Amino acid sequence: MKANALGRSDPRWLRALLISVTVLFLGVFLFLPLLTVFLEALRKGVAAYFASFTDPDARSAVLLTLLTAGIAVPCNLVFGLLASWAIAKFEFKGKSLLITLIDLPFAVSPVIAGLVYVLMFGAQGWFGPWLEGHRIHIIFAVPGIVLATMFVTFPFVARELIPLMQEQDTDEEYAAISLGASGWQTFRRVTLPNVKWALLYGVVLCNARAMGEFGAVSVVSGHIRGLTNTMPLHVEILYNEYNFAAAFAVASLLALLALATLIAKTVLESRLQTGLRAAEDVAQEAVHEY
Amino acid sequence: MRIPRFKRSSVLPGFSLTFGLAVLYLSLIVLMPLSGLFLKTATITWHRFWATVSDPRAVASYRLTFGAAFVGAAINAIFGFVVAWSLVRYQFPGRRILDAVVDLPFALPTAVSGIALTALYAPNGWIGRLLAPYGIKAAFSPLGVAIALTFIGLPFVVRTLQPAIEDLDAGMEEAASTLGASRFQTFRQVIFPFILPAAITGFAMAFARALGEYGSVIFISGNMPMRTEISSLLIVSKLEQYDYAGATAIAVVILVASFVLLLAINLTQWWFSRRLGRSRA
C-alpha cells in the first residue's frame with residue numbers, strides 16, 4: 001500500500017474504531033435478521049421444517065413464483081436486448097428521454113405499481129366492465145400477478161446492458177456487416193458475446209426481484225390460497241395466522257435465493273470488471289495506433 | 001470517432017424493429033398503466049381530492065412515512081459512511097464478505113426482511129428483549145418503522161459512497177498532510193467536500209426508496225391508524241374497500257414526492273459536477 005505511506009493512513013485507534021463500528025452495524029442490521037430467518041425456521045426441528053414444504057398451498061405458492069418469474073424475466077430480457085440495441089447502436093432524437101422512461105418503474109413504489117394495474121383492469125377499472133363481459137380475469141388472478149411483476153422488474157436487464165453497449169462502440173458490428181453477416185448473425189456472434197456477463201448480471205437481479213416482489217403483487221393478487229399466492233404472499237399469510245415456523249420455513253427458501261443472488265452478483269461483478277479492463281486496454285491500444 | 005456517428009451506425013440493420021418493439025412494450029407495461037393513474041386523478045373533483053389527501057389519518061401517515069424515512073436515511077448517511085470508508089480504505093479479515101452482504105437488503109424479499117426484523121425487535125426477540133428494560137418499544141412503534149427503513153436504505157448510501165471514496169485524489173490528501181494539516185483537518189477540508197455530493201445523493205436515494213417501502217414495514221409497524229400506519233398501507237386499505245379514488249389520491253401525493261426527490265438528486269449532481277469541474281479547471 002504505497003498510498004498509505006504518506007499522510008493517507010488513519011491512526012491505528014481510529015482504524016480499529018471504524019472497523020469495529022462497521023462490523024457491529026452490519027452485524028446487527030444485516031447478519032442478525034438473516035440468521036433469525038434460519039433459526040426461526042428450524043425452531044421446531046428439522047422434521048417440522050421439511051414438513052412445511054409438503055403443504056399443498058406452499059407447493060402451489062412455489063410453483064406460482066416460478067411461473068411468474070419464468071414469464072416476467074424472459075420478457076424483460078428480450079426487451080432489454082431490443083432497447084439496448086436501438087439505444088446503443090443508433091443515434092436518434094429523444095434518446096435520453098427513452099432511457100429515463102425505462103428507469104421510471106424504479107421511481108414508482110411497489111404498492112403504486114400494483115394500483116395502476118387495478119385501475120386498468122380491476123372491477124371498476126378502465127377495462128373492468130369489458131373484461132367482466134368476456135369473463136377474462138386479470139386482477140385477483142395470475143395474469144395480474146405476472147403483469148405487476150413485469151412492471152417492477154422492467155428496467156433491470158436494460159439498465160445493465162445500455163451503458164455497457166454504449167461504451168463498446170460499433171466497430172465490430174460494422175466489420176461483421178461489411179463482411180456479409182446478416183443483422184441477426186452480427187447480433188448473435190458479435191454483440192451478444194461482448195455483453196454476456198452484463199446480461200447475466202441483469203437477469204440475476206431481475207429474477208431475484210421477480211421471485212421476491214411483495215407490495216405490487218400483494219395489491220393485485222387477492223390472496224386466494226393455492227391459486228394466487230406467490231411465496232412472499234404465502235409467508236405473509238402464514239405469519240398472520242401465527243404459524244411462525246412455517247412462515248419462516250418458506251422465508252428461508254427466499255433467503256437462500258437471496259444468498260445465491262449475492263454470490264452470483266459478486267462473481268459476475270469481478271467478471272464484468274476484468275471485461276471492462278480488457279475493453280479499456282483494447283481502446284487504449286487503438287488510440288495509440290491511431 | 002472522427003467519422004460522424006450516424007453515418008457509421010446507419011449500416012447496422014434493425015433499428016425500426018428493435019426501437020418499435022421496445023417502445024411498444026414500454027408503452028404497454030409502463031406508460032399506459034401509469035398514465036391511467038393520472039387520468040383517474042383527473043376524474044376526481046378538486047374538493048374530493050383535497051379532502052382525501054388532507055384527512056387527519058392521511059396526514060398522520062405522511063408524517064410517519066416522511067419522518068421515519070428521514071431518520072432511516074440520516075442513520076444510513078452516518079453509518080453508511082463509516083461502512084464505506086472501512087470497506088474501501090482498510091484491509092481486514094472478512095472484508096470481502098461484509099462488502100458482498102451490503103447488498104442483502106436489495107436481494108432479500110421485503111416480506112422476509114419484514115418478518116425477520118419483527119422477530120428480532122419484538123419484546124421477546126433478541127434485540128427487543130435488550131431494549132425492553134429501558135422502556136424502549138422497538139417493534140409495533142414508529143421506531144420499528146425507522147429500523148425497517150434503515151435496513152432497506154443501507155445499500156443505497158454505501159454503494160454511492162464507495163466509488164466516491166475510491167476516487168479521492170491521493171495527492172491532495174498527501175499534500176494536506178505535508179503542509180501540516182492534522183488528519184481531522186484533512187478530512188474536514190479536503191475529503192469531506194469531495195464526498196459530500198455522493199453522500200447527499202445516497203441519502204436522497206435511500207429516502208426516496210423508503211417513501212414507497214411496504215413489505216419490510218407492515219410487519220414491524222403494527223399498523224395502528226394515526227400512529228404506525230404508513231402511507232403505502234393506507235393506499236392498500238383504501239383499495240381493499242374498493243375506494244379507488246381515495247387510493248389514487250394518496251398514491252399521487254407519494255408519487256409526486258418521489259419524482260420531485262429524484263429530480264432534486266439529478267439537479268444536485270449536475271450542480272456539484274459543474275462546481276467541481278470549475279474548481280478543477
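Start by showing chain A and chain B together and look for charged pairs across the contact: there are two salt bridges between the chains, a salt bridge being a side-chain nitrogen of Lys or Arg within 4 Å of a carboxyl oxygen of Asp or Glu. Side chains of opposite charge can pair when their charged atoms come close. Before going on, keep in mind that this is a predicted model, where local features need pLDDT of at least 70, side-chain atom pairs count only at pLDDT 80 or more, and totals for chains, interfaces and linings use all residues. Residues are numbered from 1 along each chain as its sequence is written, chains are lettered from A and ligands numbered from 1 in the order in which they are written, and side-chain values use heavy atoms, with hydrogens and water left out.

Select A:Lys265 and B:Asp103 next. Their side chains form a salt bridge, with N to O at 2.5 Å.

B:Arg159 sits in helix H9 (residues 142-166) of chain B and B:Asp99 in helix H5 (residues 95-101) of chain B, so the pair links distant parts of the chain, 60 residues apart; helices here are DSSP runs of H or I, at least four residues, numbered from the N terminus. Buried or exposed? B:Arg159 is partly exposed, at a relative accessible area of 25%, and B:Asp99 also counts as partly exposed, at 25%. (Buried is under 20% relative accessible area, exposed is over 50%, and partly exposed is in between, with a 1.4 Å probe and protein chains only.)

Now zoom out to the whole contact, meaning heavy atoms within 4.5 Å. Chain A brings 93 residues to it and chain B brings 92 residues. About 8500 Å² is buried between the chains, with carbon and sulfur atoms giving 78% of that; buried area is the accessible area (1.4 Å probe) that two parts lose on being put together, summed over both. On the chain A side, pick A:Arg8, A:Phe25 and A:Leu30, which lose the most area to chain B, together 8% of what that side buries.

Next stop: charged pairs within each chain. Select A:Asp57 and A:Arg225, a salt bridge whose closest N and O atoms are 3.0 Å apart. A:Asp57 is in helix H3 (residues 56-89) of chain A, while A:Arg225 is in the loop between helix H11 (215-221) and helix H12 (231-240) of chain A, so the pair ties together parts 168 residues apart in sequence. A:Asp57 is partly exposed at 22% relative accessibility, and A:Arg225 is partly exposed at 34%.

Then jump to B:Arg57 and B:Glu229, where the closest N and O atoms of the salt bridge are 2.7 Å apart. B:Arg57 counts as partly exposed at 29% relative accessibility, whereas B:Glu229 is buried at 4%.

Finish by colouring chain A by pLDDT, the predictor's confidence in each residue, from 0 to 100. The chain A average is 90, and 93% of the residues score at least 70. Over residues 1-5 of chain A, the pLDDT is below 50.

Terms used:
Helices (H or I, at least four residues) and strands (E, at least two) are DSSP runs, numbered from the N terminus.
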